[in-house]
Amino acid sequence: MDGGTPQWDTLFRNALVFDGTGAAPRTLDVAVQDGRVAAMDDRLAPAQARQVIDATGRWLMPGLLDVHTHFDLEVELEPGLPEAVRHGSTTVVVANCSLGLAYGNQRRNVEDPIVDCFARVENVPKSVLRKVADVCTWRTSAEYLDHLDQLPLGPNLVTMIPHSMLRIEVMGLQDSVSRQPSEAELSQMQSLVERGMEEGYVGFSTDALPFHFLANQPNTQKQIPTQFAPFAELKRLTGVVRHWGRVWQATPPKDDKLAVVRNFLLTSGRLYGKTLKVTAVAAIDVTANASIVKLGLLLSKILNSRLLRGMFRLQALAAPFKTWSDGVVTPLAEEIPELRRLNECDLEDREARMKIMHDPAWVADFRRMWFRGKRGFNLARLMTWLRRSDIVLSRRLDDMTLDQCPVADWSGETLQAIYDRLRRWQHSGNGARSESEREAFASFPAEPDDADFFIHLLRRYDTALRWSTVTANRDPKVTRDLLFNPLLLPGFNDSGAHLTNMAFYDGNLRMLQIAQREGETRVAQAVHRLTQEPAEFFGLNAGVLRVGAQADIVVVDPKRLARYDSDAGVRYQYREAFDHHQLVNRSDGVVTEVMINGRLAWQGTRYVDDFGQAPFGRLLRHRDHAREVERLAATA
């Protein structure tokens, strides 16, 4: 080195370093050069760095992984993925739940699979999905990776082969939901999965949740293509994944417990000769049915036992499962047939929804659903009391809070409070807070019960009625225990999906905050669970700080983290890239620096100037693929 020439691009000084391995933190300096960690020591010379960042009193850790996202949509419109990076996520896994872009837009025979498959399953408006599909001009899984290699990515991006799109590629959309594949078609699917593994895809995703439906006519009452695959098809395709040592991401057929067990026994090395890595959605403590998470934990214990030799990880969420609804546009509605009928209509088609809601037969069906388990002495009432209900939505007005509505007085109130005030007003003529509320009250039928009340709100305000509810993870202790259960995997954030209905982009920070309350040893464990552990599971060269590793680094202010209120940080904002609103989180000040591939992407409370235009992250293929490329290069 010439005297005076800086040795490092960046030096982080005096940080409390959590290296991702779970080891106790140490106060260290960390130097970065040419995108790699160049040195880690307790005393490195500031004069040898072009840029010095004083991290005294702050935590420094590997970039966090977000393992369950649908960012493959957003990355086509805004490659920087700013809603991930600002919270410290430097690597995101896409193509979950059988949905993805591996084969382009697949627009053939007037079919529009991206719109059809994503719109209702992930609650993304069709207008946004059409914008995405318009730019998906590639045709093969290899061309998709080439495309991703050219994008100015913010975080690193990891992708899988999505089963619904695989079926569509081989069979066409209509046939994929109308018949079973021929042997030739199944062999072609198998070959395409094999090709994807050769190209470096980290795994294969499927979906079996029975309330995931297509969005375009004539198939609005049919589920997405992966749902039509028999067990023999799953076994064959996951056999390819098993051979390559990659990951199968799945969701369970929740209404068929025998199918759940049969499907997830595919993880067993004892039964199938080699263990298949499986990660499934999701381990959450459902308020209406406490048995779901208990059965999930029992299943995990059995599948991962010495007897079966599985590697099965349910995904856990580090937050109360709070969802927002625009009228009935919500993930919760698809599980309830009466509400699902309304979601079969296009978002803009209010007239169609009004026609349904004024149909006496629909009203009768809705009322039966609404009061099931809430009235009388019967088995449904007993199951509700025992927290064994088969309906996730409680249908209790005191569980539903208005966020926005044309009646400004109602914002922030529970529907129960509004209902009680309406009944008092109807009896006395007094108590309305404003002329707007008085006019609204005057529109209601006389003496409505709570079902009539809710139907009237939907009829009058439709999607302008924006409300929220918490249906799972209400008990902080249960949530904490799930996150740190070694048989589970944190990260069911669903980032990039449900644009206006959910916001868990800060899920990793929420887990760090939970750990912080128990001390630095627990924080070290949390960092490991959010970095090295998922990186190892998915086969990625990421998630750990050591000399020579890619410099994906996050710096956190622990004092700001301790004070962070995620609920207060929720924002409903317009995103120009989508030409649509989105529900997001704002944790600004908690994460003070985000470095991706050796380049600072976020500092203080803002992105650097060229973020979103220049590449920061990169496409990450499975690490075995990189080794094979290196081997071939060495022998050439």
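Predicted model: local features only at pLDDT ≥ 70, side-chain atom pairs only at ≥ 80, totals over all residues.
Student: Which residue of β11 stands opposite S205?
Tutor: Strand β10 spans residues 203-205, and strand β11 spans residues 247-250. They pair in the parallel sense over three bridges. Opposite S205 stands Q249.

Student: Where does A282, joined to V281 by a cis peptide bond, lie?
Tutor: Omega of the bond from V281 to A282 is near -5°.

Student: Are α6 and α8 parallel, antiparallel, perpendicular or oblique to each other?
Tutor: The axes of α6 (residues 163-171) and α8 (residues 183-199) come within 10 Å. They cross at roughly 130°. Over 145 degrees would count as roughly antiparallel, and 65 to 115 as roughly perpendicular. The two helices are therefore oblique.

Student: How many residues of the contact of α6 with α8 are nonpolar?
Tutor: α6 contributes L166, R167, E169, V170 and M171, while α8 contributes E185, Q188, M189, L192 and V193. Of these residues, one is polar and three are charged. The nonpolar residues number six.

Student: How is α21 oriented to α22, roughly parallel or roughly antiparallel?
Tutor: Helix α21 spans residues 507-516, and helix α22 spans residues 520-530. Their axes come within 8 Å and cross at roughly 160°. Angles over 145 degrees count as roughly antiparallel. So α21 is to α22 roughly antiparallel.

Student: By class, how many residues in the contact of α21 with α22 are charged?
Tutor: From α21 come N508, M511, L512, A515 and Q516. From α22 come R522, V523, A526, V527, R529 and L530. Seven are nonpolar and two polar, and the charged ones number two.

Student: Is the crossing of α21 and α22 left-handed or right-handed?
Tutor: α6 passes α8 in a right-handed crossing. For α21 and α22, the crossing is right-handed.

Student: How far apart in sequence are the parts that W370 and F454 tie together?
Tutor: The whole structure holds 20 aromatic pairs. W370 and F454 form a stacked one, at 5.2 Å centre to centre with 25° between the planes. W370 lies in helix α15 (residues 360-371) and F454 in helix α19 (residues 450-461), so the separation in sequence is 84 residues.

Student: Which residue of β18 stands opposite W59?
Tutor: W59 belongs to β5 (residues 59-62), which pairs with β1 (residues 8-17) in the parallel sense over two bridges. There, W59 stands opposite L16. β5 also pairs with β18 (residues 553-556), in the antiparallel sense over four bridges. The residue of β18 opposite W59 is V556.

Student: In the hairpin of β2 and β3, what is phi of D34?
Tutor: Strand β2 (residues 26-33) and strand β3 (residues 36-41) run antiparallel, joined by five bridges. V32 stands opposite V37 in β3. Two residues lie between the strands, and D34 in the turn has a positive phi of about 55°.

Student: Where is L81, with its positive phi, found?
Tutor: Phi of L81 is near 45°, and the residue is not a glycine. L81 is found in the loop between α1 (71-74) and α2 (82-85).

Student: In the open sheet of three strands, how much does the twist average from one strand to the next?
Tutor: The order is β6-β7-β8, with parallel pairing. β6 (64-66) and β8 (156-158) stand at the edges, so one side of each is left without a neighbour in the sheet. From one strand to the next, the twist averages 25°.

Note on methods. Residues numbered from 1 in each chain as written. Heavy atoms only, no water. Pairing = 2+ DSSP bridges. Axes fitted to C-alpha atoms, helices over the stretch in contact; angles between N-to-C directions. Parallel < 35°, antiparallel > 145°, perpendicular 65-115°, else oblique. Left-handed = near helix turned anticlockwise from the far one by under 90°. Contact = heavy atoms within 4.5 Å. Nonpolar A, V, L, I, M, F, W, Y, C, P; charged D, E, K, R; others polar. Phe/Tyr/Trp six-rings, centres within 6.5 Å; stacked < 30°, edge-to-face > 60°.
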